[in-house]
Amino acid sequence: MATSQVETVSTTADKAKLALALALVVGALAGFYLLAKQGQVVQWGGLIAGLVAAVVVFLTSEPGKQFVAFGRDSWREVRKVVWPARKEAMQMTAYVFAFVVIMALFLWLTDKTLEWVFYDLILGWKK
């Protein structure tokens, strides 16, 4: 079995960017509550501006760049998927529902049978 080497390189600048992004999120949330008396437009504007600034700072760091690359690769893979036709999807959904109903009936019947065996036959507890 092949082992893969995982390298994580975190520079001080990246750690500072992540800390700044976290501070901006906390500041945006604090500002949201502190600006309550200024009106909703100012309150929400401060929150959105702080969150946007946090996202921009995060995306300039190495983990942010890796996150964007991961998103692009994921989107590329999703485009390669062959999705089922509507008829096939409806048939598979019907199979799943039928299986669930059959399994529910089986489990209910098993439960009632065991209840009858234990409570009525073995213990003699009649309802």
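Reader: Why is glutamate 77 called partly exposed?

Author: In this predicted model, glutamate 77 has a relative accessible area of 45%.

Reader: What makes the contact of glutamate 77 with lysine 80 a salt bridge?

Author: The closest N and O atoms are 3.3 Å apart, and the cut-off is within 4 Å, so the pair counts as a salt bridge. Glutamate 77 and lysine 80 are three residues apart in helix 3, and therefore separated by about one helical turn.

Reader: Why is lysine 80 called exposed?

Author: Lysine 80 has a relative accessible area of 56%. Exposed means over 50%, so the term applies to lysine 80.

Reader: How do you know that arginine 76 and aspartate 73 meet in a salt bridge?

Author: The N to O distance is 2.8 Å, and the rule asks for a distance within 4 Å. Arginine 76, at 46%, and aspartate 73, at 38%, are partly exposed, because partly exposed lies between the buried and exposed cut-offs.

Reader: Glutamate 115 also forms a salt bridge, with lysine 112; is glutamate 115 buried or exposed?

Author: Buried: the relative accessibility of glutamate 115 is 17%, and buried means under 20%. Lysine 112, at 37%, is partly exposed. The N to O distance of this pair is 3.3 Å. Glutamate 115 and lysine 112 lie three residues apart in helix 4.

Reader: How many salt bridges does the rule give?

Author: The count comes to three.

Terms used: Residues numbered from 1 in each chain as written. Predicted model: local features only at pLDDT ≥ 70, side-chain atom pairs only at ≥ 80, totals over all residues. Heavy atoms only, no water. Salt bridge = Lys/Arg side-chain N within 4 Å of Asp/Glu carboxyl O. Buried < 20%, exposed > 50% of the residue type's maximum accessible area, 1.4 Å probe, protein only. Helix = DSSP H or I, 4+ residues; strand = E, 2+ residues; numbered from the N terminus.
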